Amino acid sequence: MIVLDFDLVETQQQTSGTILWLCGWSMPDAVFDRTRELLPDFHHISVDYSEADSPEKMLLLTEIAVGDFRTKPFHGPLLIGGWSLGGLLALRLAAKGFADGLVLFAATARFTRSKEESDLGWGDKYIRKMIAGLVKDRQAVETKFRKQMFTETEWKTDHGDSFPLIGSWTTPALIAGLQILRNEECLSQLKSITCPVFLVHGTEDSICPYGATSELMAQLPKAKLFTIPACGHAPFLGREVQIADELRRWWDEQ
């Protein structure tokens with residue numbers, strides 16, 4: 001399902017642009033609510049792929065959202081904001097020329113990596129085990145994934161407890177998302193992404209390691225990196241005010 005706020009877009013004259021939000025694996029779109037509240041000068045639309053029953057459907061939903069945006073009388077550029085899985089989807093759309101700018105949280109151009117590239121991503125074997133585990137006990141798989149998202153310090157400060165409850169995605173959607181993480185790669189297309197890119201990444205991210213964002217910085221012509229020390233896989237959580245200020249400052253410079 002695609003959520004579009006067309007009426008607001010058509011009636012409000014002053015805008016810095018529109019941000020299309022793509023969330024991470026197993027996460028509800030609501031994780032971006034606080035950040036959106038702090039960016040009232042942008043219009044916001046989002047894609048809900050929590051019920052997509054195949055990788056193809058999930059990819060199609062993102063392209064439909066961009067297509068709908070372009071058929072409406074919008075004013076201003078389109079930024080695509082993606083977190084983790086959503087970041088990979090955002091890079092895919094940008095490689096097709098659909099974005100005027102990217103805002104990527106804990107993103108990677110290829111999630112599945114060889115054993116020699118363990119500092120850049122996860123092995124395919126691990127993802128296949130997650131897929132098999134979802135059929136047997138999906139709550140256990142999601143719970144384990146949540147635990148890996150945060151550092152020990154972040155858990156002690158209740159970061160994980162502030163996240164939405166587990167279970168917002170259907171099992172087919174969880175499997176579809178993992179299949180995209182297994183197979184989708186944008187590494188070979190990075191140099192063709194010429195729009196400005198704002199990267200936000202934590203140095204202690206154990207899901208999309210910090211090396212993945214260094215790889216993006218090296219190959220994206222117009223990338224800017226905002227590093228958050230001692231931070232896990234949710235770099236915006238609890239830092240929404242700072243992130244919104246940095247994002248706005250970056251975009252104003254473009």
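Pro 55, Met 58 and Leu 59 in α3 meet Ala 173, Ala 176, Gly 177, Gln 179 and Ile 180 in α7. Contact here means heavy atoms within 4.5 Å. The contact of α3 with α7 has six nonpolar, two polar and no charged residues. In this classification, Ala, Val, Leu, Ile, Met, Phe, Trp, Tyr, Cys and Pro count as nonpolar, Asp, Glu, Lys and Arg as charged, and the others, Gly among them, as polar. Helices (H or I, at least four residues) and strands (E, at least two) are DSSP runs, numbered from the N terminus.

The structure is a predicted model, in which local features need pLDDT of at least 70 and side-chain atom pairs count only at pLDDT 80 or more, while totals for chains, interfaces and linings use all residues. Residues are numbered from 1 along each chain as its sequence is written, and side-chain values use heavy atoms, with hydrogens and water left out.

The axes of α3 and helix α7 (residues 171-183) come within 8 Å and cross at roughly 80°. Helix α3 is therefore roughly perpendicular to α7. Axes are lines fitted to C-alpha atoms, for helices over the stretch in contact, and angles run from 0 to 180 degrees between N-to-C directions. Angles under 35 degrees count as roughly parallel, over 145 as roughly antiparallel, 65 to 115 as roughly perpendicular and the rest as oblique.

Helix α3 (residues 55-71) also packs with helix α4 (residues 85-95). The angle is about 55°, and the axes are 11 Å apart. The two helices, α3 and α4, are therefore oblique to each other. Their crossing is right-handed. A crossing is left-handed if the near helix is turned anticlockwise from the far one by less than a right angle, and right-handed if clockwise. From α3, the contact uses Met 58, Leu 59, Thr 62, Glu 63 and Val 66. From α4 come Leu 85, Leu 89, Arg 92 and Leu 93. By class, this contact of α3 with α4 has six nonpolar, one polar and two charged residues.

Salt bridges were examined next. A salt bridge is a side-chain nitrogen of Lys or Arg within 4 Å of a carboxyl oxygen of Asp or Glu. The structure holds 16 salt bridges. Glu 63, Arg 92, Lys 96 and Glu 184 are linked in a network of them. Glu 63 and Arg 92 also take part in the contact of α3 with α4.

Other salt bridges join residues of one helix. Arg 34 pairs with Glu 37, and their closest N and O atoms are 3.3 Å apart. These two residues, Arg 34 and Glu 37, are three residues apart in helix α2 (residues 33-37), so about one helical turn separates them. Arg 34 is partly exposed, at 41% relative accessible area. Glu 37 counts as exposed, at 53%. Buried means under 20% relative accessible area, exposed over 50%, and partly exposed in between (1.4 Å probe, protein chains only).

In helix α5 (residues 124-149), Arg 128 and Asp 124 lie four residues apart, about one turn of the helix. Their side chains meet in a salt bridge (2.8 Å, N to O). Arg 128 is partly exposed at 42% relative accessibility. Asp 124 is partly exposed too, at 23%. In helix α9 (residues 240-253), Glu 246 and Arg 249 are three residues apart, about one turn of the helix. They form a salt bridge whose closest N and O atoms are 3.2 Å apart. Arg 249 is partly exposed, with a relative accessible area of 41%.

Helix α5 also holds Glu 142. At 1% relative accessibility, Glu 142 counts as buried. Leaving aside neighbours within four places in sequence, Glu 142 is in contact with Ser 26, Ile 166, Gly 167 and Leu 174. Met 130 is likewise in helix α5. This residue, Met 130, is buried at 8% relative accessibility. With neighbours within four places in sequence left aside, Met 130 contacts Trp 25, Trp 122, Val 141, Phe 145 and Leu 178. Met 130 and Cys 195 are 65 residues apart in sequence and 34 Å apart in space, C-alpha to C-alpha.

Ala 106 is not a glycine, yet it has a positive phi of about 50°. Ala 106 lies in the loop between β5 (101-105) and α5. At 0% relative accessibility, Ala 106 counts as buried. Ala 230, also not a glycine, has a positive phi of about 55°. Ala 230 sits in the loop between β7 (223-228) and α9.
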